[in-house]
Amino acid sequence: MATAYRTCPLCEATCGLEIEVGDHGRVGAIRGDAADVLSHGFLCPKGVSLRELHDDPDRLRAPVVRGQEASWDEAFAEADRLLRGVLDEHGRDAVGVYLGNPSAHGLSALLYGRVLLKALGTKNLFSASTVDQYPKQVASGLMFGSAATVPVPDLDRCSYLLMLGANPMASNGSLMTAPDVRGRLRGIRARGGRIVVVDPRRTRTAQAADRWLGIRPGTDALLLAAVARELAGDAPAAHLAPHLGRMEELRAFLEPFTPEAVATATGIAPHEIRTLAVELREAAAPAVYGRIGTTTQRFGSVTSWLVDVLNVLSGGLDRPGGAMFPRPAAGSSNTRGEPGRGRGLRLGRWASRVRGLPEVLGEFPVATLADEIETPGEGQIRGLLTIAGNPAVSIPNSGRVAAALASLDAMVCVDIYLNETTRHADVVLPAPSPLQRSHYDLALYGFSVRDVANYSPPLLPLDPGALDEWEILLRLTGIVTGQGPAADVAALDDFVAGEMARREAADERSPAAGLEVDAILGVLAPRRGTDRLLDLLLRCGPEGAGFPELDRPGPGSLSLGALEAAPHGIDLGPLRPRLPEVLRTPDGLIDLAPEPLLAAAGPMHDLLDAPEPNGELVLIGRRHLRSNNSWMHNLPLLARGPERCTLLVNPADAARLGLAEGDRARIASRVGEIELPVELTEDLRPGVVSAPHGWGHDAPGARLAVAAERPGANSNVLTDELDIEPLTGTAVLNGIPVTVTPVREGAGVVSVA
Ligand SMILES: Nc1nc2c(c(=O)[nH]1)N[C@H]1C(S)=C(S)[C@@H](COP(=O)(O)OP(=O)(O)OC[C@H]3O[C@@H](n4cnc5c(=O)[nH]c(N)nc54)[C@H](O)[C@@H]3O)O[C@H]1N2
Ligand SMILES: Nc1nc2c(c(=O)[nH]1)N[C@H]1C(S)=C(S)[C@@H](COP(=O)(O)OP(=O)(O)OC[C@H]3O[C@@H](n4cnc5c(=O)[nH]c(N)nc54)[C@H](O)[C@@H]3O)O[C@H]1N2
Ligand code: SF4
Ligand SMILES: [Mo]
């Protein structure tokens with residue numbers, strides 16, 4: 001038995017794992033790596049299940065062409081025939097792309113996905129980001145100048161945490177890379193600090209907090225505006241004052257949002273709102289943090305903006321213990337270019353064909369994917385490429401999405417399972433197991449509560465004849481650029497690395513400035529693929545070693561070689577203040593009142609002094625520790641235990657609806673209906689029901705034997721593709737109006753008025 005260390009790629013926590021490997025590549029026990037610089041031994045049951053994922057007989061090891069296993073050459077030949085057919089006949093925009101969540105966790109998709117997308121040149125680009133965090137990234141981009149500049153709570157030094165729409169005890173944290181959230185939250189209270197959770201459900205995170213405020217779904221923006229109004233008259237903190245722009249516009253906007261005016265709409269009493277303001281003002285190190293319950297809702301981008309307005313007004317922004325800006329070692333858009341200034345964010349540079357929805361960060365909202373597939377005309381999507389995504393389950397109005405996917409002329413998927421989405425594919429190209437490739441959290445270190453860098457080499461070799469995911473993406477790049485199904489991957493890869501080296505050489509701030517491309521590539525040799533590009537990014541990053549081989553040292557010591565020598569990772573220290581250097585706004589100031597956000601906030605005025613809502617039910621989502629979106633329900637270790645795909649109902653609502661514990665309920669919305677078993681709980685605000693997403697594993701043609709035993713039902717059959725947040729087009733997945741009726745055995749449906 002040998003022991004290896006690597007970072008878990010499954011969620012944003014980036015835990016270090018200690019993995020035993022026996023003869024013939026048999027994976028043994030998986031434990032937390034006690035020496036990991038960020039996770040210190042923490043892991044969750046999903047990390048342990050990496051072994052089952054690796055061994056899962058349903059995980060694809062060979063390509064699949066229309067349901068049948070095929071050779072790699074056959075599969076690429078078919079992908080070439082189909083994709084070229086669509087491209088030649090209908091042009092670039094006729095091939096749409098959907099990037100799913102794991103593509104943000106893998107080097108291959110992050111580094112080579114963009115190569116493929118650039119080569120393809122389609123405007124019809126979609127991703128899970130518009131059912132997730134784009135409201136936060138757009139609000140951050142408008143305030144700070146780059147969509148990568150998202151402040152994260154400095155959990156380990158924080159003394160007061162106001163958390164909205166997040167349940168990190170289940171999710172392990174998001175836009176907040178923080179393994180062992182439970183321990184870090186305990187630390188806040190152990191230091192005498194306080195935690196307040198705002199959530200329609202009293203989650204495990206809320207139970208571990210000092211206070212729970214059971215807000216009405218979709219009204220966080222009103223609550224935050226009222227708290228901000230209480231603080232807006234204070235003099236700004238000295239460290240922030242020189243960097244603040246448009247304070248008067250902010251104050252004017254906040255004026256109508258008195259605690260009394262928002263109390264009925266939010267369900268939060270005025271004295272609670274004033275207490276929040278006092279606590280934020282008085283805390284030594286306050287941080288405000290919002291996650292998916294605040295982004296995938298009606299006022300997603302406005303709420304995200306007001307979270308950081310409070311971070312400014314409380315003085316916590318960019319201060320140890322407050323909300324700080326990480327500085328990722330491999331660089332990001334806020335470590336490149338002129339420090340402190342930039343072009344700012346541009347939105348809506350083009351619009352979608354059918355609904356005219358504005359482009360957001362280079363993509364269209366995924367809520368309009370089905371429109372673009374179904375609606376005839378020039379630019380209609382006839383071919384779809386999915387990379388690590390399960391849109392048949394993850395995006396609104398799944399019933400319509402499934403029909404749209406079935407109607408495509410060509411569908412090629414890079415995925416590891418035959419699931420609800422890939423069952424529609426003509427060709428599925430399997431990425432290797434996570435244990436068979438390199439790993440580095442290029443994207444997630446941009447949101448880490450501490451700056452670290454940790455690289456994992458492949459633990460096991462690729463299966464004989466298999467390709468790494470980056471090689472698959474380069475073969476597809478060859479196809480869309482007309483080089484045929486068997487493009488020379490090594491030559492394409494040299495080209496990609498050469499282009500990246502050329503950009504560094506042309507950047508006067510890079511340690512590679514002015515160097516010959518061949519000299520740079522010479523230093524990086526013999527590395528190839530993701531490792532070569534990562535080495536280049538690390539060397540040229542803010543902690544990079546540069547090219548001492550060429551007498552061009554960088555500011556620090558990092559290179560891939562340095563990380564290889566540190567299997568538990570390298571700690572780069574607690575987060576450091578980064579203002580004003582982190583900004584990329586045109587005037588070099590934080591925009592406290594960006595015009596697009598003021599516009600998106602307009603309808604908030606309609607909710608002021610609102611009467612009590614009329615008793616309608618709304619649906620919200622939830623996550624469970626042993627689940628990961630739609631794709632880990634096939635692993636026995638995670639699947640066992642009580643039924644998780646249930647409808648949570650408050651007993652008061654249940655009594656009114658004629659529902660008891662364990663009954664089946666029919667849940668219906670404008671777009672569809674599903675049935676779920678009922679679970680009663682006092683921990684849910686009355687008028688709100690909760691169901692998890694990512695279920696419904698009974699689709700014909702999928703190959704998910706374990707998941708199919710307890711398939712659950714897909715909550716996105718209920719979410720409405722027309723209900724989107726106006727600025728970013730992000731789907732409203734929380735606060736869906738629904739009706740709930742008992743399903744009586746043998747008696748059909750009993751309607752309850
Ligand atoms: N109602 C509702 N809907 C939601 C949400 C919600 O809260 N409520 N949450 C939304 C959020 S936050 C997200 S991120 C999305 C997720 O939406 P998606 O990204 O579309 O869905 P996932 O379930 O993450 O599916 C991941 C896919 O990648 C495959 N896969 C896993 N690992 C790899 C790999 O290494 N390489 C490749 N190529 N494929 C791999 C899996 O088999 C699966 O098909 O769902 C969104 N949908
Ligand atoms: N175990 C597990 N971990 C995961 C995932 C998973 O599926 N399973 N998914 C990963 C992904 S892709 C993401 S994006 C992250 C998400 O990470 P989190 O945002 O922490 O996710 P959730 O646990 O869904 O917590 C969202 C909370 O918002 C609440 N909520 C709903 N509507 C509202 C509202 O209107 N206002 C307020 N204030 N709260 C509301 C819900 O009740 C819920 O408790 O988790 C990641 N980690
Ligand atoms: S918390 Fe996330 S990163 Fe850590 S072991 Fe679990 S799934 Fe992996
Ligand atoms: Mo997500």
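At what angle do the axes of helix 4 (residues 107-120) and helix 21 (residues 529-540) cross? In this predicted model, the two axes come within 10 Å and cross at roughly 85°. Since angles of 65 to 115 degrees count as roughly perpendicular, that is the label for helix 4 against helix 21. On the helix 4 side, the contact is made by L107, S108, L111 and Y112, and helix 21 brings in G529, T530, L533, L534 and L537. Sorted by class, the residues of this contact come out as 6 nonpolar and 3 polar, with no charged ones.

Next, the aromatic rings. Searching the whole structure turns up 7 aromatic pairs. One of them joins F253 and F257, with ring centres 5.3 Å apart and planes at 40°, so this pair is tilted. F253 has a relative accessible area of 8% and is therefore buried; F257, at 0%, counts as buried too. Y440 and Y445 also pair up, this time edge-to-face, with 5.2 Å from centre to centre and 80° between the planes. Both of these tyrosines, Y440 and Y445, are buried. Back at the phenylalanines, ring pairs tie F253 and F257 together with W305 into a cluster.

Then there is ligand 3. What surrounds ligand 3? The shell is made up of C8, L10, C11, A13, T14, C15, L43, C44, K46, G47 and N172.

Definitions and conventions:
Residues numbered from 1 in each chain as written. Chains lettered and ligands numbered in written order. Predicted model: local features only at pLDDT ≥ 70, side-chain atom pairs only at ≥ 80, totals over all residues. Heavy atoms only, no water. Axes fitted to C-alpha atoms, helices over the stretch in contact; angles between N-to-C directions. Helix = DSSP H or I, 4+ residues; strand = E, 2+ residues; numbered from the N terminus. Parallel < 35°, antiparallel > 145°, perpendicular 65-115°, else oblique. Contact = heavy atoms within 4.5 Å. Nonpolar A, V, L, I, M, F, W, Y, C, P; charged D, E, K, R; others polar. Near = heavy atom within 4 Å. Phe/Tyr/Trp six-rings, centres within 6.5 Å; stacked < 30°, edge-to-face > 60°. Buried < 20%, exposed > 50% of the residue type's maximum accessible area, 1.4 Å probe, protein only.
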